[in-house]
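Have the chain open as you read.

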Amino acid sequence: MKNKTVKKIASIVAIVLVIGFFSSYIIYHLVSKSNSEIKTEFALKETVYKTIDAQCFVIRDEEFIRNDAVGTSVSFANDGERVARGDTVSVVFDSPEDAADYLKARELKKSIAHYEELERQANFQPLNINSLTKKINNELTDYLDAVDTRDFQKALSSGELFRDSVTGKQIATGKALDLSDKLVQLNSELEALDSNNLDFTEIKTENAGYFISGADGYEKTLNFNDVDTLTVKDLKKAIKSKPEKVSSDIFGRTVSSFKWYIACVIDTDRTVDISNDKKIYLNFPESGIEKLPVKIHKIGDRTAKETVVIFSCDEMNEALSDFRIEKIEIITDEYEGFKISNSSIRTVDGQQGVYIVRGNLMGFRKIKIIYTTDDYSIVTNPDSNSDYIKLYDKVVTEGVDLYDNKLI
């Protein structure tokens, strides 16, 4: 009887242990599955823009530079560069060989001037290395800024200044340079080229302004002086129009007025987002140009469904000089904060926030939404409050059974 009782107790204990084991196994896998379904993203700061999309027509005060010279041309001015009246913007040679010799002579003169300056620095070493280092850093910054804005002419000149300053610092810190042989070689090459008689025709400007090479056939589509009377119909017709045939004697253009216009048509109800009391910027997404500063020149009649909006700009460079019919984004507002997926936003006790993962614990962080789209929101942390989201927080975007201080 006693043995039967012992066996019965042992069987019950075994059953309890088996049930406990399987219960633990099931709970473990349920927890593991719950944790494995958690997805996260880092809270990173971003700047986003609220924009109005439109298509524009660029209007400039353009006058043609005409010349019937035929041959190989060598440019003296870059697109978007300011020129004075009577400046030589190009020379035309009878043959490609003459043009090549001319270009080589010009490069040789430039190289000689460069090496003579280096020789001068070698004989007079600057003592203030800190000032020279600061100059190098500024020139490098100018070069990078020019590349970012696609002002390639400025990038070239900034790059050359940076190169010369770096060489100057090498000289100043004791590196010896003997440039006499190099200068003799360059001068000999230049003398040989100067002995050739090169025939060419100079192309000169008749007006001062910005220089733009060639023509695109849209110069006379809209009159610069009629910009204030443009209608929606006028502008839509211009945007859909085909360019006129460009005459063979047109070498380029000068833009006499330093102010040029960007005209577009937008829905009238969106014009409330545009006002003179805020800074206005334009993005040109197809050209990679962002935040071009402009001013509102005119907002047309708002009684119809669509309205003409005209912006003015006084900046110019090679990239901007090529604009005519472009897609633009009118920036009406700018928001900076943490960009998070809308799926991560939850409301706990009436407070909007997100769950974050820190170590193996989950926590709730408050947020202040300043801008939202269908997919994401821009949120901030007012006054760097410790209860709110922070930079690099690991935000939970997907998961179930989320709560504060949950062990994961």
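## The second largest pocket

The second largest pocket in this predicted model has a lining made up of S75, F76, A77, N78, E81, R106, E107, K110, Q153 and L156. Two elements each put two or more residues into that lining: α2, covering 96-123, and α4, covering 152-172. The largest share comes from α2, with three residues.

As for volume, the second largest pocket comes out at about 240 Å³. Sort its lining by class and you get three nonpolar, three polar and four charged residues.

## The largest pocket

Now for the largest pocket, which holds about 280 Å³ of space. Its lining counts 16 residues, and those nearest the centre are T149, I289, L292, E315 and N317. Here the elements giving two or more residues to the lining are α3 (129-148) and β12 (289-299).

Which element gives the most to the lining of the largest pocket? That would be β12, with five residues. By class, the lining of the largest pocket splits into six nonpolar, three polar and seven charged residues.

## A four-stranded sheet

Next, the strands. Four of them make an open sheet, running in the order β3-β9-β8-β5 with antiparallel pairing. At the edges sit β3 (62-66) and β5 (81-83), each of which pairs on one side only. Going from one strand to the next, the twist averages 40°.

Zoom in on the pairing between β8 (residues 209-213) and β9 (residues 250-255): these two strands run antiparallel and are joined by four bridges. If you want a spot to look at, find F211, which stands opposite T254 in β9. As a general point, strands of a sheet pair through backbone hydrogen bonds, in either a parallel or an antiparallel way.

## A threonine in a loop

Last stop: T271, found in the loop between β10 (260-267) and β11 (280-284). Is T271 buried or exposed? T271 counts as buried because its relative accessibility is 1%, and the cut-off for buried is under 20%.

What does the side chain of T271 touch? It makes a polar contact of 3.1 Å with the side chain of R302.

Conventions
Residues are numbered from 1 along each chain as its sequence is written. This is a predicted model: local features need pLDDT of at least 70, side-chain atom pairs count only at pLDDT 80 or more; totals for chains, interfaces and linings use all residues. Side-chain values use heavy atoms; hydrogens and water are left out. On a 1 Å grid over the protein atoms alone, a cavity is a set of points where a 1.4 Å probe fits but cannot get out, and a pocket is an open set with protein on both sides within 12 Å along at least five of seven lines; lining residues have an atom within 4 Å of a point. Grid points are joined across faces, edges and corners, and a volume is the space filled by probe spheres set on the points. Ala, Val, Leu, Ile, Met, Phe, Trp, Tyr, Cys and Pro count as nonpolar, Asp, Glu, Lys and Arg as charged, and the others, Gly among them, as polar. Two strands pair if DSSP finds at least two bridges between them. Axes are lines fitted to C-alpha atoms, for helices over the stretch in contact, and angles run from 0 to 180 degrees between N-to-C directions. Buried means under 20% relative accessible area, exposed over 50%, partly exposed in between (1.4 Å probe, protein chains only). A polar contact is a pair of N or O atoms within 3.5 Å; within protein, one must be able to donate a hydrogen and the other to accept it, and residues adjacent in sequence count only if both atoms are side-chain atoms.
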